[in-house]
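Colleague: Could you take me through this structure, please?

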Amino acid sequence: MDRTHIPGILAMALIVLASNILVQFLFGNWLTWGAFTYPLAFLVTDLMNRLYGPKAARQVVVVGFIVGIFCSLVGTQILRSDFLALFGVISDEAYPLVTFRVALGSGLAFLTAQLIDVQIFDRLRDGRWWRAPLWSTLIGSTVDTAIFFTIAFSAVLNGLEPENIPGWAQDGVPLLGMGPEVALWVSLAVADWGVKLTLALIALVPFRLIVRRRAEARELA
């Protein structure tokens with residue numbers, strides 16, 4: 001393994017682990033905290049792809065996936081109440097910090113979406129600088145949202161983990177508080193998707209700056 005890839009691998013693993021935990025905590029009524037951390041995974045993948053090529057990007061995705069899922073599975077053995085107690089929050093929520101469904105949904109969504117991201121980025125890499133990171137992230141994010149929320153929270157798949165059914169996510173609510181009634185997880189998925197698209201645009205700024213600085217450093221070397 002090239003040592004230059006280690007920061008990307010560690011960053012990816014940390015993002016996956018944090019997102020798996022934060023996606024189970026609501027931010028307001030229509031978002032989870034994970035919506036703000038997970039899009040960073042696409043930034044890491046795109047930077048690795050631009051700086052080191054698609055092979056390096058895939059390596060970071062696969063290794064980050066393995067490490068992140070391992071940590072998430074460890075999280076399935078930790079009670080949520082015990083985790084909250086570390087921050088002085090008293091809770092009687094005696095279910096896993098990371099449920100099996102969340103770990104499974106996260107893993108499948110992550111691997112599928114990130115590999116799609118790498119492929120699209122590589123095909124568009126010779127165009128305008130913003131095309132590859134923007135389109136690869138937009139498409140990857142859409143795939144990721146659909147796979148993750150369906151596996152982690154939909155009632156159709158309650159048989160995957162009958163002892164930890166996410167009933168809270170399956171209650172009917174107006175879509176984003178103003179549309180037709182849907183399961184809460186559908187509303188969360190739509191809001192999550194919107195945040196990912198917004199952050200995909202914002203992420204173009206650090207992407208451009210990091211790539212430019214790396215190019216300048218190479219010229220001076």
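Colleague: Among contacts between residues at least 6 apart in sequence, what percentage join residues at least 24 apart?

Modeller: The share is 67% in the protein chain, where contact means heavy atoms within 4.5 Å. Please note that this is a predicted model, in which local features need pLDDT of at least 70, side-chain atom pairs count only at pLDDT 80 or more, and totals for chains, interfaces and linings use all residues. Residues are numbered from 1 along each chain as its sequence is written, and side-chain values use heavy atoms, with hydrogens and water left out.

Colleague: How many helices and strands does the chain have?

Modeller: There are ten helices and four strands; these are DSSP runs numbered from the N terminus, helices being H or I with at least four residues and strands E with at least two.

Colleague: Which residues touch the most other members of the largest nonpolar core?

Modeller: Among them are Val 98, Phe 149 and Trp 185, in a core of 17 residues. Such a core is a set of buried Ala, Val, Leu, Ile, Met, Phe, Trp, Tyr and Cys residues joined through side-chain atoms within 4.5 Å; buried means under 20% relative accessible area with a 1.4 Å probe, protein chains only.

Colleague: What does Phe 149 touch, not counting residues up to four places away in sequence?

Modeller: Phe 149 touches Ser 154, Trp 185, Leu 188, Ala 189 and Asp 192.

Colleague: On another topic, what percentage of the residues are buried?

Modeller: Buried residues make up 46% of the 221 in the protein chain.

Terms used
Buried < 20%, exposed > 50% of the residue type's maximum accessible area, 1.4 Å probe, protein only.
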